[in-house]
Amino acid sequence: MFRKTLADYPLAITALALSLFGVAIVYSAGQTDIPTYVAPLWKSQVMWLALGVLCAWGIGNSSVRLIEWVTWPAYLLTLLTLSSLLVLGAGTGANGHMRSWLAIGGHRLGQPAEIAKIVVVLMLAKVLAERREAPKSLLELWKPGLVVGIPFLMIMLQPDLGSAIVFVGIFFGMLFWSGVPWPLLVLLASPVISLVFSFSTGLWGAWFLVLIALVLWYKPYLVEGIVLVVANVVTGVIAPILWEKLAPYQQNRLKVFLDPSADPRASGYHVLQSKIAIGSGGLFGNGFTLGTQKRSGFLPEQHTDFIFAVVGEELGFIGVALALTLFLALLLRATRIASRANDPFGSLAAFGLMSCWLVHVVVNIGMTLNLMPITGIPLPFFSYGGSFMLASWLGVGVLLRISGEGRGHAGSLMS
Amino acid sequence: MSVHPNDIARRSRIARLALSAVILSLVGAFFNAQVLQHDRYKLQSQENRLRALPLPAPRGIIYDRYGNIIAENLPGYAVSVLPVNVDSLKSSLQHLSSVITLTPEQVDAAVRRFRRDPNRPTLIISDASMSVVSVLEEHRINFPRLIIQSVPKRFYPDGPAVASFVGYTGEVTDADLNSPAYQGYKPGQLVGKGGIEKQYEKILRGREGVRYDEVDARGRQVRQATPRLDLNPEPAPPLYTNIDLDLQRYVAGVFGDSLVGGAIAMDPRDGGVLALYSAPSYDVNKFTGGIPVDYWKTLLADDRRPLVNKVTQGRYPPGSTFKLATAVTGLEDGIVTLDDHMPEPCTGGFQYGNRYFKCWDKKGHGSISLGRAIEVSCDVYFYQLGLKIGLSKMIAGGVSLDMREKTGIDLPDEKRALFPYAVDYYNKTYGARGWSNAVTLNLSIGQGENSQTVVNMAKFYTALATDGNAATPEIVKQTPVKTRIFKLDQQQMDGLRTALAGVIGQGTAQSARIEGIMLAGKTGTAQTGKRVNGVELNHAWFVGFAPADKPTIVVAVMLEYGGHGGRAAHVASSIISHYLKVAPVTAVQSEG
């Protein structure tokens, strides 16, 4: 069952380059005028990177079938862990209200949500790969919906809005890749779009007309059509009530997204400082470790959520462009692997991992410039965090394996 | 999943296109922020890190006429904190309370200052003692946002002796900050309160400097910014006064702890105030850095009212010192000459209608001239002179002699002297039939509806000492202002001065004689209506000048409930003799 394969060097090198870049920035993030607990963190980040690379190497030398085989038990284990978190989970300092950490005896072991993302990708790939034809109606989506829905709800309950958004991204990305027609995807997303537009009656009205036209044109089952329209009306109407139900910090995050200068001392402070840091970096930046906003502590969460602002401030637009190019290379490579995989499971898994990273990269980097709401999604290979680094490299490992068994390689079935 | 290669290729194309578009738009957004809007963010990042630390300017030093220091600046320490919000300020104050004592007033004041100007370091202690500073320095590490600053601190070497005119400095109040007069002032800044400190605030203030410190996000100082950004405070120029500090000290000494009242010494030639003292005084140095509550309460509770300036704010019936105003009015209008006798000789009293008006001397003065009447302060003579002038001319005369004016002395909150503006005043106050012509008699001897400030009487006597030109009292040296208030010929002026000299020579103030100097002046024993054990308490007045022929000093002394005017004359003569460097002759107190 185990085959020797050629490694996908472009993927491995891109991921390693991003990781080393990231470790360097974590090191820089610790270089503040008044040293904080962040200063020594880069060492443990290096350790986690080594562990991650090791795991990726291990997975890369296993087989896609083995990965598929462990998917079911892994998924069940993940659900078990996530549900136990709701009872036993421990919050972290800044996000004390969130029960997202797995802790035993007071020692935090990691954030299961990060691993859960990969497991859900694999599980979804397995479920979608079972069908010869892509789902053509919403009713046919109940199984994949359930696969994502259960962990999604559990994570929403923590509550961890950021990770939940990633699940949505994975879901839609993989449905697209499995060949679900785009009108169906739009219809699927329509209740959420209604929710967003419900704050403006005019916008919602326009959207509702588009929806009706789409339903008439795509001609889903009658029941589906009615359910969709009703769902849209319901979310459009109950949205303001839901808003009231949101925790104040969640409301704040959304409000600050709309107007960061509204409350610069509190929530808007983060975004404002991040924008100032990035903007002051200019074309070439202040130089590695020399960012003044970061050094004097104005930049919040400079080693986790806002780590990309350090890149912007210290390495300037050049550094930012380099990092984004590396990310683009990684994502394109993953897409290529997905299109060349020799079986549907591998193909879907690869595209799912790519979607997961894409959401992370876009939301996290967009957040530093206030293009996205502050959701606390880390940046793959950059943000400090053991389980996250490990999860990212597990993903790399899976991709390496899928690539290795794909077309054009020694073990390919379809070359 | 549909695995047809064409399908996969199509989806792959779409995915790659979407990916590239998304990443490219991010690149575009960063290009906009980092390259196109770089300048704006660069500026913001600099403002972010720089904290302006205000550097108070030393107030102007106040000198007397010989260059002696009245007010100076000593090094002091101010303690401030840089809070983020009210809650963090309160918690900082609570932390501080664990190592130093903070009164609830200091805490309240700090919160108020922060609310006024959250961007300025919030002052907590404006004048911290060395012990407080050393304790704080010891615990410095625990208070990262604390600022201990060396600041100039006002000091008055002669404290209580100069309190009456110099005023003091204190923190600008909330009410001040709301008024347009204090535009540009910041909470925690010092302003002059009372006295010339307030009067000349604009000159004495100086210009606050600023130093930019580079701080981290928690307000801790990282380093001083480049010196280029520094703006040194500009000290205020010195202020030169007309005060003779030696004389001022002497006046304070004469009053001592027992006498209550006020005294002013002026140069009649230019209005320069040589000394101005209100007793009892207070230690103005205790006011620096916030008036201690218990001291303030003591001052307020004192029924001798130390906080009221007896020279510029106290109003007292001028008594016989006002007889000169009656005389000047009569002479100016040609109603009387210095040699004229009145129809009724003084027999110790005067019958007017159904009332008998007593002279202060029961024995009577007989038939005397105006000159002699001034010397012996004969009431009966002035009753008749008043009647002869008539009420309406009497009032007009008083008004033209500025008896209902402020002197314009350069001190804040001077009170206007009270005097009827016309006969109509009586009609308005008492009703047309509610008063009789007897008010004329009272008015002519300085009683009745007549309350004068000490400084206003001194100003009037500068006109008597010179040529009818009253000199506006000026503490700070500036262009003298003289206003003609009456016009008499040389003979009349000389006659008046002779009569005033006679008051000391052979009149009511013989005890006040000075060896070798001719002193001129007028006593006053003003009835107050206040009685203790059946004896009426009188204010003792003396206003005079010396040398009588060529006056260089005018002195007005008023002793609250001080009894006979002779006591005030005694105080005045010692002041004058000290100033003219001659010895007074201390004689037995005469009655009169």
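1. One pair to look at is B:A540, whose bridge partner in β19(B) is B:L559. (Strands count as paired if DSSP finds at least two bridges between them. Strands are DSSP runs of E with at least two residues, helices are runs of H or I with at least four, and both are numbered from the N terminus.)

2. A word on what you're looking at. This is a predicted model, where local features need pLDDT of at least 70 and side-chain atom pairs count only at pLDDT 80 or more, while totals for chains, interfaces and linings use all residues. Residues are numbered from 1 along each chain as its sequence is written, and chains are lettered from A and ligands numbered from 1 in the order in which they are written.

3. On its other pairing, β19(B) (residues 553-559) meets β11(B) (residues 261-266), again in the antiparallel sense, over six bridges. Here B:I264 stands opposite B:A556, and B:G262 has B:M558 as its bridge partner.

4. Zoom out and you get an open sheet of five strands in chain B, ordered β12-β11-β19-β18-β17, with antiparallel pairing. The edges are β12 (273-279) and β17 (520-532) of chain B, each of which pairs on one side only. Direction ignored, neighbouring strands are turned by 5° against each other on average. As background, strands of a sheet pair through backbone hydrogen bonds, either parallel or antiparallel.

5. Two helices of chain B pack on this sheet. Helix α10 (residues 245-255) touches β11 and β12 of chain B, and its direction makes about 25° with that of β12(B). Helix α19 (residues 490-506) touches β17 and β18 (535-546) of chain B, at about 60° to the direction of β17(B). (Contact between two residues means that their C-beta atoms, placed from the backbone, lie within 7 Å. Axes are lines fitted to C-alpha atoms, for helices over the stretch in contact, and angles run from 0 to 180 degrees between N-to-C directions.)

6. Is β19(B) buried or exposed? Seven of its seven residues are buried, so β19(B) is largely enclosed by the rest of the structure. B:I553, B:V555, B:V557 and B:L559 point one way, B:V554, B:A556 and B:M558 the other way, and all are buried. In a regular strand the side chains alternate between the two faces of the sheet. (Buried means 20 or more other C-beta atoms within 10 Å of the residue's own, exposed means 12 or fewer, and partly exposed is in between; C-beta atoms are placed from the backbone.)

7. Elsewhere in chain B, have a look at B:Y383 in helix α14 (residues 379-389). B:Y383 counts as buried, with 25 C-beta neighbours inside 10 Å. Leaving aside neighbours within four places in sequence, B:Y383 is in contact with B:F350, B:Y352, B:F357, B:L441 and B:S444. B:M342 is 41 residues away from B:Y383 in sequence, and their C-alpha atoms are 9.6 Å apart.

8. For chain B as a whole, the secondary structure comes to 20 helices and 19 strands. Of its 592 residues, 45% are buried. Among contacts with a separation of 6 or more, 72% come from residues 24 or more positions apart.

9. Now the interface: 39 residues of chain B are in contact with 45 residues of chain A. On the chain B side, the elements giving two or more residues are α1 (5-36) and α2 (38-49). The largest share, 19 residues, comes from α1(B). By class, this side has 20 nonpolar, 10 polar and nine charged residues. (Ala, Val, Leu, Ile, Met, Phe, Trp, Tyr, Cys and Pro count as nonpolar, Asp, Glu, Lys and Arg as charged, and the others, Gly among them, as polar.)

10. Over in chain A, helices α4 (residues 112-129) and α5 (residues 142-157) pack at an angle of about 170°, with their axes 9 Å apart. α4(A) and α5(A) are therefore roughly antiparallel to each other (the cut-offs are over 145 degrees for roughly antiparallel, under 35 for roughly parallel, 65 to 115 for roughly perpendicular, and oblique for the rest). Residues making the contact include A:V120 and A:L124 of α4(A) and A:V147 and A:P151 of α5(A). By class, the contact has 12 nonpolar, no polar and one charged residues.

11. Last one: A:L51, in helix α2 (residues 41-60) of chain A. A:L51 is partly exposed, with 14 other C-beta atoms within 10 Å.
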